[in-house]
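Could you walk me through how this protein is put together?

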Amino acid sequence: MLNDDGTPLVLEAFTGPNTLDQIQGTLDLLWEQHPQVSPTARIHMELAACEIGANILKHARGGEPVRMRMEADVRDGAVRVDFTDDGHPAPVELDAVAMPTEMEEQGRGLALAVAVLDQLSFQRDARSNRWSLVRRVTD
């Protein structure tokens, strides 16, 4: 969904206790504007976006608040969500992500995101971490 000026929906905030609710609220607004996005695609993007958001909350600066930006839109037959944060460099190797064993209590977030998205990418530049999530609008 684009705002009136042709840009994606944007959430800019310092991370905190309401961050995941803010991410969900942004996606809810996106779904209101784009009823063509299938229920499965919605659930998959919500799961992935909240998992990435939770990782930003926990790891970007050791649980301390970071500046986070989320951009969400629907274009070219896909839901796209981009996160940028100014936290510490994230040691992420998406090619090595695997589901942990049943006994492990953590580590499922990235594996779930990889499983439900059509594309998940991560980049680090001099100042920020950038996550890009893509899921086609149909099942």
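Predicted model: local features only at pLDDT ≥ 70, side-chain atom pairs only at ≥ 80, totals over all residues.

Q: In what order do the elements of the protein run from the N terminus on?
A: The secondary structure comes to 3 helices and 5 strands. Read from the N terminus on, these elements run β-α-α-β-β-α-β-β.

Q: What share of contacts in the protein between residues at least 6 apart in sequence join residues at least 24 apart?
A: The protein has 139 residues, and 40% of them count as buried. Looking at contacts between residues at least 6 apart in sequence, the share that joins residues at least 24 apart is 63%.

Q: Are α1 and α2 roughly parallel or antiparallel to each other?
A: The axes of α1 and α2 come within 9 Å and cross at roughly 155°. Angles over 145 degrees count as roughly antiparallel. The two helices, α1 and α2, are therefore roughly antiparallel.

Q: How many nonpolar, polar and charged residues does the contact of α1 with α2 have?
A: α1 passes α2 in a right-handed crossing. On the α1 side, the residues that meet α2 are Thr19, Leu20, Ile23, Gln24, Leu27, Asp28 and Trp31, and their partners in α2 are Arg42, Met45, Glu46, Ala49, Cys50, Gly53, Ala54 and Leu57. By class, this contact has 9 nonpolar, 3 polar and 3 charged residues.

Q: What is the handedness of the crossing of α2 and α3?
A: Helix α2 covers residues 39–59 and helix α3 residues 109–116; their axes come within 9 Å and cross at roughly 150°. That makes α2 and α3 roughly antiparallel to each other. The handedness of their crossing is left-handed.

Q: Into how many nonpolar, polar and charged residues does the contact of α2 with α3 divide?
A: From α2, the residues His44, Leu47, Ala48, Glu51, Ile52 and Asn55 take part, meeting Gly109, Leu110, Leu112, Ala113 and Val116 of α3. The residues of this contact divide into 7 nonpolar, 3 polar and 1 charged.

Q: How far apart are the end C-alpha atoms of α2?
A: α2 has 21 residues, and at 1.5 Å a residue they should span 30 Å. The model agrees with this, because the end C-alpha atoms of α2 lie apart by 30 Å.

Q: Which elements do the buried residues of α2 pack against?
A: Buried residues of α2 are Ala41, Met45, Glu46, Ala48, Ala49, Cys50, Ile52, Gly53, Ile56 and Leu57. The buried residues of α2 pack against both helices and strands, namely α1 (19–33), β2 (67–75), β3 (78–85), α3, β4 (119–124) and β5 (129–136).

Q: Which elements do the buried residues of α3 pack against?
A: In α3, the buried residues are Gly109, Leu110, Ala111, Ala113 and Val116. The elements they pack against are α2, β4 and β5.

Q: How far apart in space are Met70 and Phe83, C-alpha to C-alpha?
A: Met70 is found in strand β2, and Phe83 lies in strand β3. Met70 touches Phe83, along with residues that include Leu9, Leu11, Ile23 and Leu27. Although 13 residues separate Met70 and Phe83 in sequence, their distance in space, C-alpha to C-alpha, is 4.6 Å.

Q: Is Phe83 buried or exposed?
A: Phe83 touches residues from several parts of the sequence, among them Ile23, Ala49, Ile52, Met70, Trp131 and Leu133. Leu133 is 50 residues from Phe83 in sequence and 8.5 Å away in space, C-alpha to C-alpha. With a relative accessible area of 0%, Phe83 is buried.

Q: Is Ser128 buried or exposed?
A: Ser128 lies in the loop between β4 and β5. Beyond residues up to four places away in sequence, Ser128 touches Thr84, Asp85 and Gln123. Buried means under 20% relative accessible area. Ser128 has 13%, so Ser128 is buried.

Q: What is the phi of Asp76, which is not a glycine?
A: Asp76 lies in the loop between β2 and β3, and with a relative accessible area of 69% Asp76 is exposed. Most residues other than glycine have a negative phi. Asp76, however, has a positive phi of about 50°.

Technical notes. Residues numbered from 1 in each chain as written. Heavy atoms only, no water. Axes fitted to C-alpha atoms, helices over the stretch in contact; angles between N-to-C directions. Helix = DSSP H or I, 4+ residues; strand = E, 2+ residues; numbered from the N terminus. Parallel < 35°, antiparallel > 145°, perpendicular 65-115°, else oblique. Left-handed = near helix turned anticlockwise from the far one by under 90°. Contact = heavy atoms within 4.5 Å. Nonpolar A, V, L, I, M, F, W, Y, C, P; charged D, E, K, R; others polar. Expected span 1.5 Å × (residues − 1). Buried < 20%, exposed > 50% of the residue type's maximum accessible area, 1.4 Å probe, protein only.
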